[in-house]
Amino acid sequence: MTETDLLIIGAGPYGLATASYARRLGLDCVVVGDPMSFWRDHMPSGMLLRSPTSWHLDAVGELTFEKFVSERGLTPEGVSPISLSLYLEYCRWFQERSGIAVQRNFVRNLRWTENLALPFAAVLDDGSEIHARRALSATGLTHYRNIPEDVASLLPRQKFAHTCDFVDFSGLKGKRCAIVGGRQSAFEWAALINEEAGADIHIIYRHDTPAFTESDWDWIDDLMDRTRERPGWFKELSAGERDGIYQRLWGEGRLKLEPWLQPRIQGDNVHLRPNTRITGARLNGDGSVALSLDEGSSLNVDQIVLATGYRVEVAREPYLRDPSITRRLQVEEGFPVLDSRFQSSIPGLYFTGQTATRDFGPFFGFGIGCPPAAWIIGNALSR
């Protein structure tokens, strides 16, 4: 049995960022997970990131992405847009420079005990246990695939997959593919499928085609500074003020497509179908699917990809289903209710990243939130 002051569950960007700052503060912590596994295994290898090179993981601003590329004789301009492979390399570099050792196991069950000194007991997939004074959930998007029932109910189950489960496009050579969704990920998958497989691609979405215009993320910097200075400010806003921020972020992240995507989806084999819905589907004898569309047409495809994003439902986290946790964890709209230090209704249990967006703002679903989240959580723990 291992004992620690802090158990960090998850080794993605938010978990690594918090572990780095916790170590800097002299806190004993154990990180459990497979470093960057979601990014490595559930995103296509040729993907490009939307984030600017100024975004990084370090709460104190030393081990930045720009420092990482500078050490390699590169410039921020020369590596923009950032490739997934380069970002993964940066995260490995950050982990090594921070001295973070990750225990490559998965937490099977977390429970709250009566032990006041070490109230959290985690059982790992190998049967071993870790007992901790505090615990941080930093598991990212792994369990939050959004598969809309109104779409999934129409489709043969074996013929559709969420984007995070469909990242190998080699099987689409000479095939026909429908992508459901019309935001950045849908067009990103279309561009990569076009380049890697040359498939016949139909992008089906319920709205106008977003503009191919560079997004402006600079305005979020001030909000991150405000979060460090006064944690919890977002939760104190009126509903109208919060909605204004959501709408601005929606405008940048959802109503725009990065301009470097546009030339990559040109060609007679890529078909945009805006303001269109699927109304029915039938499995053909050759294994293909006949899709009926609301504008009266139909098309046959071999594979359907749902680019429908993610939706937090903390109850989906398999390790958070012990009654000792579920009875005490306050949840609203699928999110854990957090105080101004990212702490849940269970003292000592913290949440970060996407699960914190309800109380801290939508920007914590992006990498820019890693440093302020690590800063706030680390300082709260060090007290």
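The radius of gyration is taken over C-alpha atoms, and the globule rule is 2.2 Å times the number of residues to the power 0.38.

**Figure 1. Overall view of the predicted model.** Because a compact globule of 383 residues would have a radius of gyration near 21 Å, the 22 Å of the protein agrees with that rule. Along the principal axes, the C-alpha atoms fill a box of roughly 65 × 50 × 45 Å. The secondary structure comprises twelve helices and 19 strands, where helices (H or I, at least four residues) and strands (E, at least two) are DSSP runs numbered from the N terminus. Of the 383 residues, 56% are buried; buried means under 20% relative accessible area, exposed over 50%, and partly exposed in between (1.4 Å probe, protein chains only).

**Figure 2. The salt bridge between R133 and D5.** The structure holds 22 salt bridges, each a side-chain nitrogen of Lys or Arg within 4 Å of a carboxyl oxygen of Asp or Glu. In the pair R133 and D5, the closest N and O atoms are 3.4 Å apart. R133 belongs to strand 6 (residues 129-137) and D5 to strand 1 (residues 2-9), so that the pair links parts of the chain 128 residues apart. R133 counts as partly exposed because its relative accessibility is 44%, whereas D5, at 16%, counts as buried.

**Figure 3. The salt bridge between E195 and R264.** The N to O distance is 2.6 Å. E195 lies in helix 6 (residues 184-197), and R264 lies in the loop between strand 11 (256-257) and strand 12 (270-273), 69 residues apart. E195 is partly exposed, with a relative accessible area of 45%; R264 is buried, with 15%.

**Figure 4. A negative surface patch that includes D216.** The patch is formed by E214, D216, D218, D221, D222, D225 and E229. Its members have over 30% relative accessible area and no salt bridge, and like charges are joined within 9 Å; Asp and Glu count as negative. D216 is located in the loop between strand 10 (211-212) and helix 7 (220-229). With 31% relative accessibility, D216 counts as partly exposed.

**Figure 5. Q95 in helix 4.** Helix 4 spans residues 84-98. Q95 is buried, as its relative accessible area is 15%. The C-alpha atoms of Q95 and A19 are separated by 9.1 Å, although these residues stand 76 residues apart along the chain.

**Notes.** Residues are numbered from 1 along each chain as its sequence is written, and side-chain values use heavy atoms, with hydrogens and water left out. In this predicted model, local features need pLDDT of at least 70 and side-chain atom pairs count only at pLDDT 80 or more, while totals for chains, interfaces and linings use all residues.

How values were computed: Patches are made of residues with over 30% relative accessible area and no salt bridge: like charges are joined within 9 Å, nonpolar side chains (Val, Leu, Ile, Met, Phe, Trp, Tyr) within 5 Å. Accessible areas come from the Shrake-Rupley method with a 1.4 Å probe; for residues, only the protein chains shown count as cover. The place of a charge is taken as NZ of Lys, CZ of Arg, CG of Asp or CD of Glu.
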